[in-house]
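Hello,

Here is the structure I said I would pass on. My notes follow below it.

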Amino acid sequence: MALPEFKKVFAHEVPVIDLSVLQSGDPAAYRDIAHRIAEASHSIGFFYVVNHGMPASRIDAMFDVAKRFFALPLEEKMAIRLALSDKYRGYLPFKMMGADPSLKGNLHEAFQIHTELPPDHPAVLAGKPLHGANQWPASLPELKTEMLAYFRDMSVLSQTFLRMFAVGLDLPPDSFTRYFQSPMMQLRIMHYPPQEPTESGDHLGTRPHTDSGAFTFLAQDEVGGLEILSPAGDWITVPPLRGSFVINIGEMMKIWTDGMYAATPHRVINRYGLERYSMPFFATPDFDAVITPLLSNPDRDKAAEPPKFATSVAGDRPITCGEILTYLYGRIWPSTKVQRVDA
Ligand SMILES: O=C(O)CCC(=O)C(=O)O
Ligand SMILES: [Fe+2]
């Protein structure tokens with residue numbers, strides 16, 4: 001057996017949206033960008049943004065510290081592994097297995113954080129699931145400094161996009177931001193070794209999935225490996241574009257928009273012979289945000305039923321962000337001690 005098939009495409013199949021026109025402050029330019037974002041979110045669920053305000057040098061600095069983290073001895077990384085946290089934070093080693101034995105482990109290692117909360121924060125004192133402190137490597141203090149600064153800036157940038165996602169559908173600008181008062185944002189750094197074409201394909205860099213939050217900003221290095229399931233049913237590549245973010249819609253935004261925005265399945269296969277690094281930032285709403293359609297999709301019945309993955313969420317009843325997260329985390333990473341809120 002060999003690695004799964006894919007189709008090579010040029011970047012133009014995934015729209016590139018240049019935000020530099022927003023600097024003019026012209027309301028018409030703003031609405032035009034918001035509508036282009038909405039169109040891309042509707043048709044393919046993925047787009048690139050350039051000139052988004054986060055300098056390429058900042059992203060490069062994050063990649064640099066991420067590489068230094070993954071180069072640490074395994075014992076140091078394992079000392080802060082995710083399985084030691086009941087808050088879904090820390091290091092994920094290669095080929096970590098989930099609850100479903102048909103889901104083979106991923107060929108990546110990762111490290112992830114959520115909002116850093118002190119022990120005397122009311123939500124932590126109240127024992128709210130997933131709220132608390134991150135685990136950090138003792139020997140690389142720069143990781144904490146860089147990641148928390150990037151996390152803060154990405155949280156601010158998320159608000160800009162949430163308003164555009166709303167305006168693009170002619171909804172009031174605060175339709176989504178009001179669910180982001182103390183949001184469950186998550187930042188992950190990832191490392192993928194190259195996969196030989198002759199490998200069985202049992203283990204993929206990241207197995208096919210949809211993202212669970214509202215939307216994701218992905219920074220990827222120059223190697224490539226991200227593939228998305230196109231509306232025509234082909235796996236197509238989303239090649240690196242320096243300084244860009246790849247933005248994609250997650251399950252919660254799909255539900256809010258009654259499927260007007262598509263939570264497109266994607267995977268990673270590092271076919272390119274080089275070590276690959278990536279950094280997704282998952283813009284995820286408040287734990288108690290109710291996820292239920294805010295509008296009615298006129299084409300709902302015409303739309304083809306999207307393929308189902310372990311990460312799919314039906315959205316057939318009002319559900320909170322916290323319920324979705326604890327359900328999915330428990331399903332994907334059962335070895336963690338995360339408590340399901342509806343259990
Ligand atoms: O590494 C990538 O390019 C994508 C990772 C991803 O899709 C995820 O972590 O949800
Ligand atoms: Fe993803």
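Two strands pair if DSSP finds at least two bridges between them; helices (H or I, at least four residues) and strands (E, at least two) are DSSP runs, numbered from the N terminus. This is a predicted model, in which local features need pLDDT of at least 70 and side-chain atom pairs count only at pLDDT 80 or more, while totals for chains, interfaces and linings use all residues. Residues are numbered from 1 along each chain as its sequence is written, and chains are lettered from A and ligands numbered from 1 in the order in which they are written.

The sheet: β1 pairs with β2 (residues 46-50) in the parallel sense, over three bridges. Ile17 stands opposite Val49 of β2. These strands belong to an open sheet of eight with mixed pairing, in the order β1-β2-β10-β7-β12-β5-β4-β3. β1 (16-18) and β3 (90-92) each have a single partner strand, so one side of each has no neighbour in the sheet.

The helices: the axes of α1 (residues 27-43) and α5 (residues 141-167) come within 8 Å and cross at roughly 80 degrees (axes are lines fitted to C-alpha atoms, for helices over the stretch in contact, and angles run from 0 to 180 degrees between N-to-C directions). α1 is therefore roughly perpendicular to α5 (65 to 115 degrees counts as such). Contact here means C-beta atoms, placed from the backbone, within 7 Å. On α1 the contact is made by Arg31, Ile33, Ala34, Ile37 and Ser41, and on α5 by Met164, Phe165 and Val167.

Regards

Technical notes:
Angles under 35 degrees count as roughly parallel, over 145 as roughly antiparallel, 65 to 115 as roughly perpendicular and the rest as oblique. Two residues are in contact if their C-beta atoms, placed from the backbone, lie within 7 Å.
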